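Please open the structure in a viewer and keep the sequence at hand.

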Amino acid sequence: MTARNNSFDELAVLHELKRFLPALSPGRTFTHRNPLEAFQHLHFHDALRHASEMLGYQTSLSLEEYRSLYNSKRVKPDVLEKVLVEKKGAAKTFEWQDKVLMKKFPAAVAAPRIGRLRANWQKQYKTDPDTCVHPRLFRILGNYLDHGVSDWSFPVRGQGFLDSMREVEANSFISAFNTPRARKMLLQTDPSIGDLLAIIVGDEALFKQYLFDQQFSHRGWSGLVATLERNSSNLLNGSHITLRELIVFELLLEIDVLDDRLGKQWDPLASSLASPPSDLFAPVPASEKSEVLAIWQEAVEWSYYEEVLAGLSRNSPNQHSSHTLGTVRTSAPESLCIIGRPTVVRDTPPGYRAALHHYDFSLDRDGAELERMLETVVPSLGATNLEYFFSRTNFADVNGGNALGDQLIGLFGVADGTRGDLRTGLPTELTEGLEPIRLLCIVEHFHEMVLKVIGRRSVGRRSVGRRSVAQWIMNEWVHLVVIDPLTRELRVLKNGEMVGYKSDPLKYSLSVAGDW
Amino acid sequence: MFWSDFHFDGLTLAYLTIGLAMTTLAVWNGRKTLRGHKQWPRFIIAVLLFCAGYGLAILSGGLKTLLLGWEVMGVASFLLIILHRDFKNGGDPTLGIPAKAFFIYRLGDVGLLLAMWASHHLGRENAAVVSLLVLVTASMQSSQLPFSSWLPQALQNSTTAGAILLATLTVQMGVFLLLRSYPFWEHQLSIRVLIGLLGLTAAAMAAGFARVQSSVKRRVAYVSMAHTGLIFIEVAAGFKSLALIHVAANAFLGAYRLLVPPALVSADTGKSVHLNKRTWEDRLPKKLKYTIYMFFTKEWGLYARLSKYLRP
């Protein structure tokens, strides 16, 4: 995370905001982006913890859901035990098993850090500008971006958002604003974000956090605008909009509402702040609950992978005997990817959907081909997989029920009824009943070579896109299992090392006494 | 004795048919979308309650039965709007919206009660007061001006299945009330003119609101409201059969628009030609055009105005 600097750098903050905002493209075309991309430099479980504490994302199933998966035998007891041993050591296994299975954690979770600064409007001034700003902002944005619902589309065409609003404001007897100050600022000056924040917030040190709070109170709309700006694709009606324009307009509306509610003279938010809010970007320490959730998540995943891997290890000749088609699991699509010769593919138990990539290790001595394949396969499959993953975990969110009351806006998005924000993530019908499982990538090669290839990815060339493949794998956003072409021995990449993986094909259980 | 409280005629038959069709559509849609969710039993109960209230109201032979049906329907409509709410999480910040619909309903009930009281105590000479009260109730129910803001908000906050019932049946009950009380005010020219004028303004305003709407459900609400305004004019002019046909047509149109929403379109597909189609508004002078556009986009501040008093 970047350190909070006292001088407000508009460009830098905008850049960072765009990294954090969810990618949402009009018409729900798939975005090919990890929903938690901004956290991708962290290890997977650390990223989940940070995202949930900072932004309030629901990044894992609830404890009750995990426990019910355990009770319905979807999570296998021996796998759970194995994960516990691996994470906590044999001595503490028993203690943690109790925590994982039984311990009651306080139900009321503290509110996430996002939104805490702006909550002070309610606390200090007894007014919440959002109740007034949001409906107006969404209405105008919806009308401006609309490409097909309204009969009479936005009257100014082919200009940027702020220019269009200026044009309408200048020529209309009815203003979008209720008070004169904000209108004047729009018409007569070209205010920067910093200028407007100086009026609203006051203290420069808080600007960045305020903008994050504000934009994440409607992350769907902001994400859409950021995506439109990034792709620089004009909408069908020839309009174009940038995140900066959205923020400037929203800040103007905020000034308008505050002028309206608090009178002409009011002090900026920072002036009456009792104590500075906690830093949004400070590291989140691990808590007992987050560790328990991480253990559960691993247990769910390895319970699933185990059956696949057991089929692949050739130690026992009668491996296929107990496979039946009845064991088809409902996991997200793109949860399995195999890079290897057809023999590996043949060993995959039936009933699993796998993305198959033909690859012969013997023709690729230096790993160049593997490098190329990982670079194409991992980010694209991984992004799809994580999109399903986080759409599923969000499913239990408060919004889950509201999905029923959704409404189309302007043929480009679906708003959930109550708050009016656009919905991010996949529609709930697609993720219902799935288990969130990370992508398991099985590569047939010698493990030293695979590590070397990944190592090359991370240091060799410095561009972000190239490094990110190594980031995906090393931070375990994707599980990597290497199958030795000669011995059929399995190795799992854990914390940057290849550790042996023993599975008993007969019982589909992992032996605890491995070199894990 | 009991049966004298009920009344069956052509009007009842028409509303019964529409009600049957719309309820079937709503349940059919609800079965597709809600079945298996925890809302499904709630939905069924709300619909049954709604049907009971609707039936009571349209079959009623007097104000008392009508009021009873009205009440039951009001409660059911409220239940339909809050169908997907999860109250376990406490303090829902948006509870104000169903509360608004509920409030309008209660106001309507008060109107009916007052009308009942007035018709008992003030007698024939004060027919104008009774007619006025009936008209106020009817325009509240039909989401006409100045109470027009409850329907779009209720619609955008409810499931499609619930929205069908609200947009087609609940709204048309206002027209039913006018038609039922038709003999009462048909000789009062002033009331008829008033109904016509109310309908005209509502139709004009709602048509404008609907033209600039980018949200599908709100657009349906405003289209429905505009048509109801026209129906008010027809009723005031005495074209009762035409009004009934219009009611049915409007109900089916609304249900169709809710059941078959347009598909999402991504930015780079399709042609942009039809989007830059010129509408008749483009011929207006710029200043007038922008002013009208902003006027309709802000929806005349109706929301803000009502929300001010109903802030949750």
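Begin by selecting chain B, which has 13 helices and zero strands; helices (H or I, at least four residues) and strands (E, at least two) are DSSP runs, numbered from the N terminus. Read from the N terminus on, the elements of chain B run α-α-α-α-α-α-α-α-α-α-α-α-α. This is a predicted model, in which local features need pLDDT of at least 70 and side-chain atom pairs count only at pLDDT 80 or more, while totals for chains, interfaces and linings use all residues. Residues are numbered from 1 along each chain as its sequence is written, and chains are lettered from A and ligands numbered from 1 in the order in which they are written.

Colour chain B by pLDDT, the predictor's confidence in each residue, from 0 to 100. The mean for chain B is 82, and 84% of its residues reach 70 or more. Where pLDDT is low, the predicted coordinates should not be read in detail. For the complex, the predictor gives an ipTM of 0.86 and a pTM of 0.86.

Of the 312 residues of chain B, 49% count as buried. A residue is buried if 20 or more other C-beta atoms lie within 10 Å of its own, exposed if 12 or fewer, and partly exposed in between, with C-beta atoms placed from the backbone.

**Chain A and its sheet**

Next select chain A, which has 20 helices and ten strands. Buried residues make up 48% of its 516 residues. Two residues are in contact if their C-beta atoms, placed from the backbone, lie within 7 Å. Among contacts in chain A between residues at least 6 apart in sequence, 72% join residues at least 24 apart.

Now display the strands of the open sheet in chain A: six of them follow the order S2-S1-S5-S6-S7-S8, with mixed pairing. Two strands pair if DSSP finds at least two bridges between them. At the edges stand strand S2 (355-358) and strand S8 (497-501) of chain A, each with a single partner strand, so one side of each is left without a neighbour in the sheet. On average, neighbouring strands of this sheet are turned by 25° against each other, direction ignored.

Zoom in on strand S7 (residues 490-494) of chain A, which runs antiparallel to S8(A) and is joined to S8(A) by five bridges. Which residue of S8(A) is the bridge partner of Leu493(A)? The partner is Met498(A). Arg491(A) stands opposite Gly500(A) in S8(A). S7(A) and S8(A) form a hairpin with two residues between them, and Asn495(A) in the turn has a positive phi of about 50°.

**The nonpolar core**

A nonpolar core is a set of buried Ala, Val, Leu, Ile, Met, Phe, Trp, Tyr and Cys residues joined through C-beta atoms within 7 Å. Of the 228 residues in the largest such core, those touching the most other members include Val481(A), Cys441(A) and Ile164(B). The largest share of this core, 14 residues, comes from helix H7 (residues 160-180) of chain B. Select Val481(A): leaving aside its neighbours within four places in sequence, its contacts include Leu309(A), Leu440(A), Arg491(A) and Tyr501(A).

Select helix H5 (residues 93-101) of chain A, where Thr93(A), Trp96(A) and Val100(A) are buried. They cover an arc of only 70° around the axis, which puts them on the same side of H5(A); the arc is that of the directions from the helix axis to the C-beta atoms. On the other side of H5(A), Phe94(A), Glu95(A) and Asp98(A) are exposed. The buried residues of H5(A) pack against helix H4 (77-88) and H14 of chain A.

Then move to helix H11 (residues 207-216) of chain A, which is mostly covered, with ten of its ten residues buried. These residues pack against helices of chain A including H1 (10-20), H2 (44-55) and H13 (243-262).

**A buried loop residue**

Finally, select Phe154(A), in the loop between helix H7 (129-145) and helix H8 (161-171) of chain A. Phe154(A) counts as buried because it has 23 C-beta neighbours inside 10 Å. Leaving aside its neighbours within four places in sequence, Phe154(A) is in contact with Asn143(A), Tyr144(A), Ser164(A) and Ser239(A).

Notes. Axes fitted to C-alpha atoms, helices over the stretch in contact; angles between N-to-C directions.
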